[in-house]
Amino acid sequence: MKSFVLLVCLAQLWGCHSAPHGPQLPYRQPNCDDPETEQAALAAVDYLNRHLHHGYKHVLNQIDKVKVWSRRPFGELFELEVDTLESTCHVFDPTPLANCTVRQVIEHAVEGDCDFRVLKQYGRFSVVFAKCDSSADSAEDVRKVCLECPLLAQLNDTRVVHAVDAALAAFNAQNNGSYFQLVEISRAQLALFPASTHVEFAIAATDCAAMEVTDPTKCNLLAEKQYGFCKATVTESLRGEEVAVTCTVFQTQPAAPQHQPADPTASILAPVDQPAPMSPPDGPPAAAMVAGPMVVAAGPALPLHRVHYDLRHAFSGVASVESASGEAFHPGKVPEVTQPGVAGAVGPMVPSCPGRVRYFKI
């Protein structure tokens, strides 16, 4: 009996020594600057921009982390953490993202922080999970590079609202076409010398003629939306108030089809949307026009006191694309994956992440 017990103990001891050390990870970690990783990240940022309803398009700045899970029976799932930067192209602007300028530090930059899960099947990428937020650069960082540069102002500041009203009124007064209503105040900065307010705002055409409007509340947005984007400066002087405004009106956009709710029986890995390449519209993209009553188009409720449109509030009034899609991943749930047959590499690991910074860090 003692011999049998000793034999069992020796067998257990041998089993402990023969077991592989360390966990067998069910994923691989490619380099953050790997071309395939960058393709997945670019597809994710494209998805982000196509689901924004306010503010500005974002561009990929850095890939922080990546894990790639093999999914049965085929396909791979990329789990990404990426940083983005706000561009100067409004979300209504049809300019391809590759042609959009990144907003610089002296303009008070805004950075996005996103988590994505991107499914690759048959060479195509589709986003199955997205969660983002964003924040403006600190005033201290802006002051380090530009002591006199104006900082972002709250979008509901009375000076900002007044400047937008004055600028839009000036634009409509000189416009021979449709009367335009305000859609949103997108950005604002207050300057001290000279005392002035810089604003950027989005507008939309109505069924009223600008030169014939007597009651703006009776004007309705066109079924086929025609948006515009304006930049204006209202300067205070001894002679009164000076308004300078420039608006770019984009081509008419056909009415978008209604989004169908996701099938509750669909797999959690079913793509919520198929990314489509961004392409410039036919013909000239816009007509520049130089030169305001505030009627805001219906949209999700957003926090009143803000200096920019946080990405977490930018998806149809929900916290993130995660909530909008109905296909969020939940803690403790992972996709069905295949176990790699090769143990972890022997020797020191060469750090492959985070990847390169494409523009600048804030």
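Me: A nonpolar core is a set of buried Ala, Val, Leu, Ile, Met, Phe, Trp, Tyr and Cys residues joined through side-chain atoms within 4.5 Å. How many residues does the largest one have here?

Reply: Quick heads-up: this is a predicted model, where local features need pLDDT of at least 70, side-chain atom pairs count only at pLDDT 80 or more, and totals for chains, interfaces and linings use all residues. Residues are numbered from 1 along each chain as its sequence is written, and side-chain values use heavy atoms, leaving out hydrogens and water. Phe 78, Leu 80, Val 82, Phe 116 and Val 118 have the most contacts inside the largest core, and its size is 42 residues.

Me: Which element gives the most to this core?

Reply: Helices (H or I, at least four residues) and strands (E, at least two) are DSSP runs, numbered from the N terminus. Elements giving two or more residues include strand S4 (110-121), strand S8 (196-209) and helix H2 (35-50). With seven residues, the top giver is H2.

Me: Phe 78 and Phe 125 form an aromatic pair. How many such pairs are there?

Reply: Rings of Phe, Tyr and Trp (its six-membered ring) pair if their centres lie within 6.5 Å; planes under 30 degrees apart are stacked, over 60 edge-to-face, and the rest tilted. By that rule, the count is six.

Me: Are Phe 78 and Phe 125 buried or exposed?

Reply: Their pair is edge-to-face too, at 5.9 Å and 70°. Phe 78 lies in strand S3 and Phe 125 in strand S5, so the pair ties together parts 47 residues apart in sequence. Buried means under 20% relative accessible area, exposed over 50%, partly exposed in between (1.4 Å probe, protein chains only). Both Phe 78 and Phe 125 are buried.

Me: Which residue has its charged end over the ring of Tyr 56?

Reply: A charge sits over a ring if NZ of Lys or CZ of Arg is within 6 Å of the ring centre and within 35 degrees of the ring normal. At 4.7 Å from the centre of the Tyr 56 ring, the charged end belongs to Arg 103.
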